[in-house]
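Subject: Structure for you to look at

Dear colleague,

I am passing on the structure we spoke about, and below it you will find my notes on what was found. Please read them with the sequence and the model open beside you.

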Amino acid sequence: MDLDIHFELEFNLLVILFLGAVVVAAAAALARKTSIPSPLILIVVGVAVSLSLPGDFTIPNTSELILEGVLPPLLFASAVAIPAKDFRRDFTAISMLAVVLVVVTALSVGALIHLLLPDVSYPVAVALGAILSPTDAVAVGIVERLGSPPRLVTILEGEALINDASALAVMTTALAAAGLSEGHVEISPAGISILAAWMVGTAIVVGLVVGFVGLWISAKCHQPALGILLSVLISFAAYIPVEALGGSGLVSSVVAGLIYGQNATKHIPVRNRISQAQAWETIEFLLEGAVFLLMGLQIRQMWEDHRGGLNDRLGTIMIAVLAGLAVLAMRGVFVAPLVKFMQVRAKLRLKGRDKIVEKLDPARSAKDSAVTKRRRRLADLDYLAGSPMTWKAGTVLTWAGMRGVVTLAAAQSLPMGTDRRPALLLIAFFVAAISLFTQAGTLPILLRVFGMAGHDPLVAARERDRIQHTLARSAAAHLNDPDLRRPSGEPYSQAAIDVVSDKFALDLNVADIDQHSQVNGEAYYESLAEIDAMHEEARELELLTVHALRHELLRARSDGVYTSHALKEALDELDAEEISVTLRRENEEQVR
C-alpha cells in the first residue's frame, strides 16, 4: 500500500513538472507572437490555475526552493554573461542603485508600512521594505530585446545582480533587530554593522576562491557534458559555504560568476564554452518561467491565509498600492540626482581627454603599462561620450525598476511569528504583481516613444569594420613573424602561410587594409576549397592563428576600445572557426 502511494506521488510530480514545462514553452511562444512579456502570461496562467484548483488542494511554500535552489544558478549565469568592463565602468551607479537605494527604500517604505499598520513593529516594517526593494530582471530582457542602449542594459542587469543579495541582507538584519532571527536574539546597531560586514566580506572572499578554483578545474576538463555539470556546481559551491558561515551566498554566487565569465574565453576549451552557454540558456529559460508560474499559483493560498473579511483584504490591497507607489516614487527621487551626478562627472572627466591623447606616445610599445593605462582611460571616456545618461535614460531607468519573484519568495521566508505575516505576504504579492503588469506592460511603449528601441546599423557596421581591420593586422603580423614555428621546430611552408592568409583575407597589403571593408566572397570560398585540400600543416597553422586573434581580441576587451556586443560577435566567430577547423582535422584523421 505504501509503495502504491509512493508511486502515485512520484507519478503526480512527474505530470506536474511536465505540464509546467509545457506551459512555460507555450507562454514563450505566445509572447513571441504577441510581444507580451512571457512572465506576465505565466502569472495569469498561474492565478487561473490556482483559483480553479479544488478547495482542499494547497500549493506548498516555495520560498526556500526559489531563494536557495533557483536564485544562485540564475545569478551566477547572469554574472557570467554581463560584460565585465561595462560593469566596472558603471559600478558607481550600479552600487548606488543596488545597495544605497535598497537601504533607503527599506527605511522609508518601512516607515510608511509602520504608519499604515501600527501593530507591525518598525524593524519588521523595514524588513518588508527591504523585501519590496529589489528589482526584477524582467526589465533587462525587455530593454535588451528591443535593442536599447547597451549602457542602460548593463546598469539594469548589474543592479538586478546585486540588489537581491543586498535586500535579503537588509531583511536579515532588520529581523535580527526585531528578535526574529535564528535563536530570537536581538542585536545592537553596532552588531548589525558587524553582521552586514561579515555577510559581504565572507561572500566576496569565498566567491573569489570558488570562481578561480572552478575556472582552473573547468580549464582542465575537455568533456562538454562534464563542463556543464561543473559550471552548475560552481554556482552552489559559492553559495552553500557562505550561507553556512552566516554570509550572503547570493553575493558569493555573483562574485564567482563574474570571475568565471571574465576568464572563461581565455582558459576554457571552446567546445565546453559553447555547450555551457547553450545549456545555461535552457536552464535559465525553464527556471525563470517556473518561478513566475509559481508566483501566480501562490495567490489563492495567500488570500485564504489572510483571515480577515473582504474589507480587511481590500484594505491590505490598498496598502500594497500605496507601498508600490512609494517604492516607485523613491526610485524616481533617487535616480534623478544620480543621473545628474553621472552627467556632471562625465563632463568633468571628458575635459581631460585631450591631455590623455597628448600623453599617448605612438613610438612607445602598446604593451607598455603606462600606455595601456592611458588607452583604457581614453576608452572609458569615449564610452561615456558615446553613451550619455540623459533624462530619457533616467526615466526608463526609473520605470524599469519593477518588482518580481524575489519579492514574493523573500516575503514567504518571513518567520511564522512575524507581526501580521499574512497581510505582509499579500502586500508583497500585489506590489510585485501590479508593478510587473503596469511597468513591464508599458516599458516597450516608453522605449519606442523615447526613440530608445533598436540598434543603429551604421554604428554597428563601423564597429565591425574596425574589429576586422584590427584582426587583419594582427593575423598578418602573426603569419609574417620570422620566429613562427611548428611544434617540431620547423618553419611553416610558404604554401601553408599563403592558404591561411587567404583564409583571413590577408592578400591585401597591411598598409591598404583601411581602404577595404569587405572580403571578396568568391576569393573567400576559393580559399576554403584550397584549405580543404591542404596538408595538416595548414590546419595546424590556422588554429594557431585563431588562437593569436583571440588573444588580440581579449587584449582589446581589456583595453575597452570596442563595444562589448561587437567584441562578443567577433569572439563567437573565432570560436565557430576553431570548431570548424578542429572537426575537419578529426574527420581527416578518421579517414586516414
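Predicted model: local features only at pLDDT ≥ 70, side-chain atom pairs only at ≥ 80, totals over all residues.

A patch, as the word is used here, is made of residues with over 30% relative accessible area and no salt bridge, and nonpolar side chains are joined into one patch when they lie within 5 Å. On that basis Met96, Val99, Val100, Val103, Val104, Leu107 and Tyr122 make a nonpolar surface patch of about 480 Å². Helix α5, residues 91-116, gives the largest share of this patch, with six residues.

The chain has 592 residues, of which 47% count as buried, and its secondary structure comes to 24 helices and zero strands. Among the contacts with a separation of 6 or more, 81% are between residues 24 or more positions apart. The chain exposes about 28900 Å², and carbon and sulfur atoms supply 64% of that area.

There is also a positive surface patch, formed by Arg345, Arg349, Lys373 and Arg377, to which α14 (310-350) and α16 (369-386) each supply at least two residues. Lys373 lies in helix α16 and counts as exposed, because its relative accessibility is 58%.

The salt bridges come to a count of 14, and three of them are described here.

- Arg151 and Asp90 meet through their side chains in a salt bridge of 2.9 Å, N to O. This pair links distant parts of the chain, with Arg151 in helix α8 (residues 150-177) and Asp90 in the loop between α4 (84-89) and α5, 61 residues apart. Arg151 counts as buried at 6% relative accessibility, and Asp90 counts as buried at 2%.
- Asp119 and Arg420 form a salt bridge of 3.0 Å, N to O, between their side chains. Here the partners are 301 residues apart, Asp119 being in the loop between α5 and α6 (122-131) and Arg420 in the loop between α18 (405-412) and α19 (421-449). Asp119 is partly exposed, with a relative accessible area of 44%, and Arg420 is partly exposed at 34%.
- Asp575 forms a salt bridge with Arg273, in which the closest N and O atoms are 2.8 Å apart. Because Asp575 lies in helix α24 (residues 564-591) and Arg273 in helix α12 (residues 270-297), the pair ties together parts that are 302 residues apart in sequence. Both residues of this pair, Asp575 and Arg273, are buried, and salt bridges that share partners join Arg273, Arg550, Asp575 and Glu578 into one network.

Ser248 lies in the loop between α10 (224-244) and α11 (249-267) and is buried, with a relative accessible area of 7%. Leaving aside neighbours within four places in sequence, Ser248 is in contact with Ala165, Met199, Ala203, Val242 and Glu243. Gly249, which lies in helix α11, counts as buried at 0% relative accessibility, and, not counting residues up to four places away in sequence, Gly249 touches Ala238, Tyr239, Val242 and Glu243. Ser253 also lies in helix α11 and is buried, with a relative accessible area of 0%. The C-alpha atoms of Ser253 and Leu74 are separated by 9.2 Å, although the two residues are 179 residues apart along the chain.

With best wishes

Technical notes. Residues numbered from 1 in each chain as written. Heavy atoms only, no water. Patch = residues over 30% accessible without salt bridge, like charges linked within 9 Å, V, L, I, M, F, W, Y side chains within 5 Å. Areas by Shrake-Rupley, 256 points an atom, 1.4 Å probe, with all protein chains shown as cover. Salt bridge = Lys/Arg side-chain N within 4 Å of Asp/Glu carboxyl O. Lys, Arg positive; Asp, Glu negative; His and termini not counted. Charge placed at Lys NZ, Arg CZ, Asp CG, Glu CD. Helix = DSSP H or I, 4+ residues; strand = E, 2+ residues; numbered from the N terminus. Buried < 20%, exposed > 50% of the residue type's maximum accessible area, 1.4 Å probe, protein only. Contact = heavy atoms within 4.5 Å.
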